[in-house]
Amino acid sequence: MATVKLTNVKKIYDNNVVAVHDFNLDIADKEFIVFVGPSGCGKSTTLRMVAGLEEITAGTIEIDGKVVNDLQPKDRDIAMVFQNYALYPHLTVYENIAFSLRLKHMKEDEIYNRVTSAAETLGITEYLLRKPRALSGGQRQRVAIGRAMVRDSKVFLMDEPLSNLDAKLRNQMRAEIILLRKKINSTFIYVTHDQTEAMTLGDRIVVMKDGYIMQVGTPTEVFEMPANLFVAEFIGAPKMNILDTTLEKRDGKYYVEAYGAELPIDDDKGAALAEKGIETQEIILGVRPEHIQLSHAGDPHSFRCTIRVNEMMGSEYHIHALTESNQEIIVRTPTMDLTREEREQLEHGNEIYVTFKGKVMHFFDKETQKNLLV
Amino acid sequence: MKKKEGLEYLKMGRFARFWYSIWMFICSMPGRIVNLAKKIWTAIKKAGIWIYSEVKDIIMTFVHGDWKTRTSYLIMGFGNIARGQVLRGILFLLFEAAFIFFMIFSGAHWLSLFGTLGKTEQGRHYDEINDVWVTSEGDNSFKILLYGILTLIFCACLIYTWRLNIKQNKIGQQLEADGKKLKSGKDDLRSLVDEQFHKTLLALPLTGILMFTVLPIIFMILVAFTSYDGVNNGFSKLFTWIGLDNFNALLTLADSSGNSISYTFGEVLTWTLIWAFFATFTNYFLGMLVALAINKKGIRLKKLWRGILVLTMAIPQFISLLYISHMFDKNGMVNNVLVNLGWITDRINFWENGMTARILVILINVWVGIPYLMLMITGVLMNIPQDLYESAKIDGANVFQQYQKITLPYVLFVTGPYLLTSFTSNINNFNVIYLLTDSVRANAKLTVNGQAVKDTDLLITWLFNLTTGATADYKLACAIGILIFIVIAIISLIVYNILPSNKNEEDFS
Amino acid sequence: MSIEQMKTKSRVKKLVREKQKERRQKQHIGLKTSRIVSNTIIYIILVVIMVVWLVPFFFLLMDSFKCDIAADGETRVTWQSDTIIPKKFGFDNYVDLFTKTKFPRWFINTTLVGLACAVLQTTMILLMSYALSRLRFKGRKFLMNFMLILGMFPGFLSMILLYKLLSDWGLTQDNSIFGLILVYCASSGMGYYISKGFFDTIPRSLDEAARVDGATRAQVFSKVILPLSKPILIYTVLTAFMAPWGDFMFASYIAHTRDVGKNVAVGLRDLISTASGMADHYTWFCAGGVIVAIPITLLFMFLQKYYVEGVTGGAVKG
């Protein structure tokens, strides 16, 4: 029910460590924003500044058009879910969820209604009279979400809420958060280091590194048009293959030299490159593992490599191979399309031929590491 | 020995490595001292810069200030009131009024006498009309010293408040210029339970500490430079500043009445340090042994053993100490038993001889201290991750090696700070020494100015005796007090810098 | 703990088990005997330790019941006689203690001081340690260092000034319990270490969650942290209540030889501080000691759990 606007927000800790450099972001009403990045990138700090738990060194944060820099957390009308749940150990689940409502001196029957309906939504009704320590991790997480839910606050903050859960439960909770989001009419800011969570949950993703915003965009934008090398490598698993190479322009056509093979770039992409006025130059080439295809010796655009490890993931193989130029590449290929003989070929030490198309390539400037096409 | 590069020193044998580490520590000393000097220098520089910037800020605020701000330089809180912060303004104003009132009616008087601690002696003159001797009121050095300190503290408070008042004016003026709202008195009060909650919490404890610890310590430090004692008690006979004479008496070999204070001081200080060392480490290691024995796998009734020892802590020390002290009397229980058993014929007078008394005191202190240490180290032992032992067992370590390589380093690491505090509190361990050595005879050689000193006396018990009785020698006691502080501070500083567990406080949380 | 670590841990455990099994099979008999021997030695040591620690109290108890008559058939033997078990049991010492000395007064004095300390000291320590542990403010580090340095001065010397002040206010000698309470409690905020260590272990995110939930810092204190602090509160109350029972230094200074102002430690000690006192009142002292020890020991037995927690936790926190 509220917009959030961060303008030139900066955070410097007492020991002169700059956690967040110049953070600018407009969050629309009811949007689900995900801050994602490796640990220490300043994503949690930014969230905590929005919450009012961390002082803002410079810049302004507005919630619903009102500057909240000097407001205490309690006056900002926000709800927050913490990584370690932060449930009050001495209170029952019911009292935990009712805590904020009681502080507001709400009527007890109104509190009862809100708590029980939230508990029902989250499926924790039967635990309402238990203490947190008698609950499992997943149940605790639900209580924490319930505690934030009943508040009907403008902004809903989540600080790595799923990272203390095991993999299976995490997937389940992730789906539930998507459902939950439809029920709660709030603006969401969600912090995570897991790119899968970011991709599946966010309307928009903010990728951060070392206190700087690397890219803001929808999951599709971030995945298909990474603004720079960092975003390209961070989003997507397994990680994108990277190669230092040259982009050549000959007769109005572009070619790239990769792992000993010369690969032509198709016209669409070529046109885009030409539009940017790009000539022959040194670049960093990026190709996602799933875009590399198995090929055969006869293909002129293919190159040869030796398999080091082949990970069987069920529906697909992750093949770690070494090219002739001694560079490691990862190829991700579905198991379904392969015959039994082909599968048996994919063993340690065997040689395979692989190739990729020009339209899946990402080009990054060697100096600035920025995407040439953005 | 040369400094080895990287991991090269790992090639050395065990002893070579040991000597190497000691050698490196010695080598690092000059560097450490230089570092310390640098630190002190930067601290001084910082202080200088701070004073400069404060003064500059005060001047600049005045130069750029509007009339409200400028008036506040004389009338504190004026700016606040003028800008609508009535509560703050009135508090400032009240403080200034109280200060002026106090200075006029008594502060100035105390300050004027502070330099001499009083001029008019108490007089006695004959009142011829009423035919009685009348005592005329003179100055009271004690009160002059005390109220002088209080006045000075009050002055310091005023300067601080005045500076605060100027800062507030600067902020207020700025906010006014920006067209922003200032905090109201209501906001101020509300912030006392939120942003400023620490002030609410700390107000009471800090007032207590200021009144009952800081003030007396300042007083004590100053007394060490005066001639205050039982005779020169301040009202019937004035005392005054005598500079470093007390310390001279303590540290030089100047002799009075055959025995020198410096000799006594040296003896008592040496014994205090020996005592603190043994009292700390015997307790520590024996306590650890008991804890290990009780916690050994396969020992049953752990709770019973532990419980009995813990219960002995419940009984007030003075009872057990006095009782045990008398058990070792010449006619006491121990001698009775020994004689009855026929082991000795002549009763042993344990407390007569300085040496046996000292050993006995340390032994009995072990009796006193072990339960506590057993309990504490049990807690530490339980926290040692079990997989450390499991992997050690796989690596083929036997029980002793496990103790040497895992238990001991871990316990030492965790309880390092405790060892230090325990050492310093043993330096000041009044109860054990005073109550145990009731019947120890004074050592004639150590007696100064008729004040009996025993072989077993620590600095603190000596202090206690110095400050009680008719011949109370406060000035000397205070000088000794300062020396105790210096000794403890130096030891703490050294140990604190060596301790491995001297790490960031936040690491624990 | 990550799954990896758990895996390695269980693997390690398995290995240990196998290895132990192997070893056990190899030297089954030898190991068993050696363990029996070492455990027996430890049991013997433990029994000796327990005897050494309990014997003085047993003797004290016996002495307090001694009503032996000396050889002349008239005078009571009040000094430790050469037998441990009294020749004649009786409560004479207790009766004398209550009728011929001011012991009841001393006992009441000490109890009152103990109760007042339990309330006031706990409050002070709680306020101080909470602020230092869970709030971040300017000057916090300085304050902690400052108190550390203050603690290095021999606290007793403050009595030179405090005694004068207290006696000016009439809080010494006959009224010394009030003076004592002030001396014990006023600066007790300096003993915040153990309590702060406890507060440090409570996750910080609890405060943050409560503040986001709409609590002021004061409400965080009263509604979240305080209810969680029962163990440390009980520990603090217990130690605060017990300390005055053992203090001799301050109590004797403030009571200044006045009988009605003494606490039990000073009163009982003064009974036997002179040679004639020793001869006449020694068994009285023993009886007094027993009476003092009983209530405190009982209290301690009930609250031992919290005391143990405080000591062990405090050690780890430093």
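Colleague: Is A:Ala86 buried or exposed?

Modeller: This is a predicted model, and in it A:Ala86 has 26 other C-beta atoms within 10 Å. The cut-off for a buried residue is 20 or more, so A:Ala86 counts as buried.

Colleague: Where in chain A is the place of A:Ala86?

Modeller: A:Ala86 sits in a loop of chain A, between β6 (78-81) and α2 (93-103).

Colleague: And which residues does A:Ala86 touch, leaving out those up to four places away in sequence?

Modeller: In chain A, A:Ala86 touches A:Ala144. From chain C, the residues are C:Pro203, C:Ser205, C:Leu206, C:Glu208 and C:Ala209.

Colleague: How far apart in space are A:Ala86 and A:Pro132?

Modeller: Their C-alpha atoms are 9.8 Å apart, while in sequence the two residues are separated by 46 residues.

Colleague: Let us turn to chain C. How many helices and strands does chain C have?

Modeller: Chain C has 14 helices and 0 strands. Of its 318 residues, 43% count as buried. Among contacts in chain C between residues at least 6 apart in sequence, 71% join residues at least 24 apart.

Colleague: How many residues of chain C are in contact with chain B?

Modeller: There are 74 such residues in chain C, and they meet 89 residues of chain B. Helix α14 (residues 275-317) of chain C gives the most to that side, with 15 residues.

Colleague: What is that side of chain C like by class?

Modeller: The side of chain C that touches chain B comprises 50 nonpolar, 14 polar and 10 charged residues.

Colleague: Now chain B. Into which domains is chain B divided?

Modeller: The assignment gives domain 1 (8-63), domain 2 (67-243) and domain 3 (261-507). Between domain 1 of chain B and domain 2 of chain B, the C-alpha centres lie 37 Å apart.

Colleague: At what angle do helix α5 and helix α7 of chain B pack?

Modeller: Helix α5 (residues 141-178) of chain B and helix α7 (residues 197-223) of chain B pack at about 125°, and their axes are 11 Å apart. Because of that angle, α5(B) is oblique to α7(B). The crossing of α5(B) past α7(B) is right-handed.

Colleague: Which residues make the contact?

Modeller: From α5(B) they are B:Leu145, B:Leu146 and B:Ile149. From α7(B) they are B:Leu215, B:Ile218, B:Phe219 and B:Leu222. By class, this contact of α5(B) with α7(B) has 7 nonpolar residues, no polar and no charged.

Methods:
Residues numbered from 1 in each chain as written. Chains lettered and ligands numbered in written order. Predicted model: local features only at pLDDT ≥ 70, side-chain atom pairs only at ≥ 80, totals over all residues. Contact = placed C-beta atoms within 7 Å. Helix = DSSP H or I, 4+ residues; strand = E, 2+ residues; numbered from the N terminus. Nonpolar A, V, L, I, M, F, W, Y, C, P; charged D, E, K, R; others polar. Buried ≥ 20, exposed ≤ 12 C-beta atoms within 10 Å, placed from the backbone. Domains from an automatic or database assignment. Axes fitted to C-alpha atoms, helices over the stretch in contact; angles between N-to-C directions. Parallel < 35°, antiparallel > 145°, perpendicular 65-115°, else oblique. Left-handed = near helix turned anticlockwise from the far one by under 90°.
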